[in-house]
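Hi there,

Here is the structure I promised to pass on to you. Have a look at it first, and then read my notes below.

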Amino acid sequence: MSCCPQCTYFDSTVTMTRRLNNGWIKRWRRCDREECGTKWHTYEMPTTQVEPHEDADLREIKREVVE
């Protein structure tokens, strides 16, 4: 989930979702804050396609995924 890029309000509504050919998911979102209503999109990708930075602590990354 992501916060609104305009007002940083955390609640949003997904207005459309599409699965892309590369396995990613694109979601169109709208801010739920009545005074804002900003629209934006997010991408989700499978964790198998993520390569951690060479300095990353893999134990910490795995712990965050599990929690």
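In which strand is the place of Arg29? Arg29 sits in strand β2, residues 25-31; strands here are DSSP runs (E, at least two residues), numbered from the N terminus.

Before going on, please keep in mind that this is a predicted model, where local features need pLDDT of at least 70, side-chain atom pairs count only at pLDDT 80 or more, and totals for chains, interfaces and linings use all residues. Residues are numbered from 1 along each chain as its sequence is written, and side-chain values use heavy atoms, with hydrogens and water left out.

Now the sheet. Three strands form an open sheet in the order β1-β2-β3, with antiparallel pairing (two strands pair if DSSP finds at least two bridges between them). β1 (12-19) and β3 (39-44) are at the edges with a single partner strand each, so one side of each has no neighbour in the sheet. β1 and β2 pair over seven bridges.

Next, Ser12, which belongs to strand β1. Its bridge partner in β2 is Cys31. Ser12 is buried, at 13% relative accessible area (buried means under 20%, with a 1.4 Å probe and protein chains only).

Back to Arg29: its side chain makes a polar contact with the side chain of Ser12, at 3.3 Å (a pair of N or O atoms within 3.5 Å, one able to donate a hydrogen and the other to accept it; residues adjacent in sequence count only if both atoms are side-chain atoms). Arg29 is buried too, yet has no salt bridge (a side-chain nitrogen of Lys or Arg within 4 Å of a carboxyl oxygen of Asp or Glu). The nearest side chain of opposite charge, Glu44, is 4.3 Å away.

Enjoy exploring!

Notes. Helices (H or I, at least four residues) and strands (E, at least two) are DSSP runs, numbered from the N terminus. Buried means under 20% relative accessible area, exposed over 50%, partly exposed in between (1.4 Å probe, protein chains only). Lys and Arg count as positive and Asp and Glu as negative; His and the chain ends are not counted.
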